[in-house]
Amino acid sequence: MLFSIGNSLFTIIGYWISRQKKTCQIQTDYYARLVSIHATLCTCVWLLSAQFHARDTIVSERLDYFGAGAMIFYTLYLTLYRNFPTYSKYLLPSVLVAYW
């Protein structure tokens, strides 16, 4: 449980530091929004994971597992968008099909 809370905390800290430094050029505003959504999603998933390990119920288990799956596939989408921006219109449908 403490590791999940720690991961959530360091996700927030890392996002704040990356927003303040401005050392790396982010390609577009769209990519900056994707990174913001990713940080928010990861923070929520780590908190759901901490809640699941604190109180093991059916609802918390489902929230933990589906949240982890969503985080993995969103990270996949973000990675593919970062590496292949010219194919961006094909990435989201392909990741959604893979998730389904």
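**Walking through the model**

Colleague: Which residues does Ser49 touch, leaving out those up to four places away in sequence?
Modeller: Ser4 and Asp64. Keep in mind that this is a predicted model.

Colleague: Where does Ser49 lie?
Modeller: In helix 2, which covers residues 29-54.

Colleague: And is Ser49 buried or exposed?
Modeller: Buried. The relative accessible area of Ser49 is 7%, and the cut-off for buried is under 20%.

Colleague: OK, switching to rings. How many aromatic pairs does the structure hold?
Modeller: Three. Take Tyr74 and Tyr77: the ring centres are 6.2 Å apart and the planes sit at 50 degrees, so that pair counts as tilted.

Colleague: Why tilted, and not stacked or edge-to-face?
Modeller: Because stacked needs planes under 30 degrees apart and edge-to-face needs over 60, and the planes of Tyr74 and Tyr77 are at 50 degrees.

Colleague: Where do Tyr74 and Tyr77 lie?
Modeller: Both are in helix 3, residues 58-83, three residues apart, or about one turn of the helix. Tyr74 and Tyr77 are both buried. Ring pairs also bring in Tyr81, giving a cluster of Tyr74, Tyr77 and Tyr81.

Colleague: Now the surface. Which residues form the nonpolar patch there?
Modeller: Leu9, Phe10, Ile13, Trp16 and Ile17, with about 530 Å² of accessible area together.

Terms used. Residues are numbered from 1 along each chain as its sequence is written. This is a predicted model: local features need pLDDT of at least 70, side-chain atom pairs count only at pLDDT 80 or more; totals for chains, interfaces and linings use all residues. Side-chain values use heavy atoms; hydrogens and water are left out. Patches are made of residues with over 30% relative accessible area and no salt bridge: like charges are joined within 9 Å, nonpolar side chains (Val, Leu, Ile, Met, Phe, Trp, Tyr) within 5 Å. Accessible areas come from the Shrake-Rupley method with a 1.4 Å probe; for residues, only the protein chains shown count as cover. A salt bridge is a side-chain nitrogen of Lys or Arg within 4 Å of a carboxyl oxygen of Asp or Glu. Helices (H or I, at least four residues) and strands (E, at least two) are DSSP runs, numbered from the N terminus. Buried means under 20% relative accessible area, exposed over 50%, partly exposed in between (1.4 Å probe, protein chains only). Contact means heavy atoms within 4.5 Å. Rings of Phe, Tyr and Trp (its six-membered ring) pair if their centres lie within 6.5 Å; planes under 30 degrees apart count as stacked, over 60 as edge-to-face and the rest as tilted.
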